[in-house]
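Trainee: I am new to this model and would be grateful for a close look at a single part of it.

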Amino acid sequence: MSSLQITRPAPTASRPLNDIGAMVGRETRRLLRSVDALVTALAIPVSIMLVFVVVFGGAIESDGRYINYVVPGVLILCTGFGSAATAVSVAQDMHSGTFDRFKTMPIFGPAVLFGHVVASVVRNLVASAAVFGVALLLGFRPDATADRYILAALYLVLLITAFTWLSCAAGLLLSVDAAGSLNFVFLFLPYVSSGFVATDTMPAWLQGFATYQPFTPIIETLRSLLAGTPMGWYGWAAILWLGGIGLVSCVAATMIHRKRTAR
C-alpha cells in the first residue's frame with residue numbers, strides 16, 4: 001500500500017523576495033485596517049512635535065531658534081517609538097499561532113520577520129515625513145544641501161531598520177503585554193540625551209551617561225546632517241551603534257524565530 005507524499009515546490013531565486021513582498025502587503029493591510037495603529041503611526045509623532053515646539057519651545061528659548069535644535073531629537077524619538085510597535089505585532093503573531101501556520105506553508109522561513117521590518121521602515125518614513133512637514137510649517141529651517149538630505153533619509157532607513165530588528169527580537173521573546181512596554185525605552189532614553197537640551201546643562205552626575213549613551217550620537221548625527229555642519233566623532237559612533245544593534249538583533253531574531261517555530 002503506497003503512501004501519499006506531498007511534494008513542495010522547489011525554492012527559486014525570486015521566491016524569498018516574493019514571499020517577503022507578500023508579508024509586507026499583509027502588514028500594510030493590517031495597519032490600514034487598524035484605526036489605532038494609524039493614529040499611533042501619524043498623529044502621535046506630530047503631537048509630540050507640537051508639544052515640544054509650541055508648548056515648551058518658548059520657555060526654553062524665547063528667540064524661536066529652539067525648533068532648529070529640537071526637530072532631530074523629535075524625529076529620532078518618533079522613529080524609535082514607531083519601530084517599537086513592531087514588537088507588539090510580532091508578539092501577536094507568535095502567540096496567536098500565526099507563525100506556526102506559516103511554518104506549514106512552502107514559504108521562505110524568515111519572510112514574516114522581513115515583512116515586519118520592511119513595513120515598519122515604510123510606515124516610519126511616512127510618519128517622519130509628516131513630522132518634518134509640520135516642523136517646516138512651525139518655522140524649522142534646515143541648512144542641509146541636497147546630498148545631505150539624501151544622506152539623512154538613508155540614515156533614517158538604517159536607524160528604523162536597526163530599531164525594528166531589535167523590536168522583532170523582543171516581540172519573539174515577550175508576551176504581547178510586555179512587548180507593548182518596549183516603546184517606553186525609546187521614549188525615555190532620548191530625553192536623557194542631547195535630543196532636547198544640551199548635555200552640559202544637565203547635572204554633573206548625569207552628563208557622562210547622557211553624552212555617551214547611544215541616542216546622543218544618533219541624534220547629533222541627524223542634527224549635523226540637517227544643519228550642514230561637521231559630524232565629528234558622533235557620525236562614526238552612531239553608525240557603529242546602529243550597525244551593531246541591527247546586525248545582532250537580526251541574527252538573534254532569525255535564530256529565535258527558527259527555534260520557536262521548529263517545535
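Trainee: What is the relative accessible area of Leu-138, and what lies around this residue?

Mentor: The model is predicted, so local features need pLDDT of at least 70 and side-chain atom pairs pLDDT 80 or more, while totals for chains, interfaces and linings use all residues. Residues are numbered from 1 along each chain as its sequence is written, and side-chain values use heavy atoms, without hydrogens or water.

Leu-138 has a relative accessible area of 32% and is therefore partly exposed (buried is under 20%, exposed over 50%, with a 1.4 Å probe and protein chains only). Leu-138 is found in helix α6 (a DSSP run of H or I, at least four residues, numbered from the N terminus). Together with Leu-50, Val-51, Val-54, Val-55 and Phe-56, Leu-138 makes a nonpolar surface patch of about 470 Å² (residues over 30% relative accessible area, without a salt bridge, nonpolar side chains joined within 5 Å; areas by Shrake-Rupley, 1.4 Å probe; a salt bridge is a Lys or Arg side-chain nitrogen within 4 Å of an Asp or Glu carboxyl oxygen). Helix α2 (residues 35–55) gives the largest share of this patch, four residues.

Helix α6 (residues 111–138) also holds Phe-132. Phe-132, Phe-140 and Tyr-149 form one aromatic cluster (ring centres within 6.5 Å; planes under 30 degrees apart are stacked, over 60 edge-to-face, the rest tilted). By this rule there are ten aromatic pairs. Phe-132 and Phe-140 pair edge-to-face, 5.7 Å centre to centre with 90° between the planes; Phe-140 is buried, at 2% relative accessible area. Phe-132 and Tyr-149 are likewise edge-to-face, at 6.5 Å and 90°. This pair links distant parts of the chain, since Tyr-149 is in helix α7 (residues 146–173), 17 residues apart from Phe-132. Tyr-149 is partly exposed, at 35% relative accessibility.

Definitions and conventions:
Phe/Tyr/Trp six-rings, centres within 6.5 Å; stacked < 30°, edge-to-face > 60°. Helix = DSSP H or I, 4+ residues; strand = E, 2+ residues; numbered from the N terminus. Patch = residues over 30% accessible without salt bridge, like charges linked within 9 Å, V, L, I, M, F, W, Y side chains within 5 Å.
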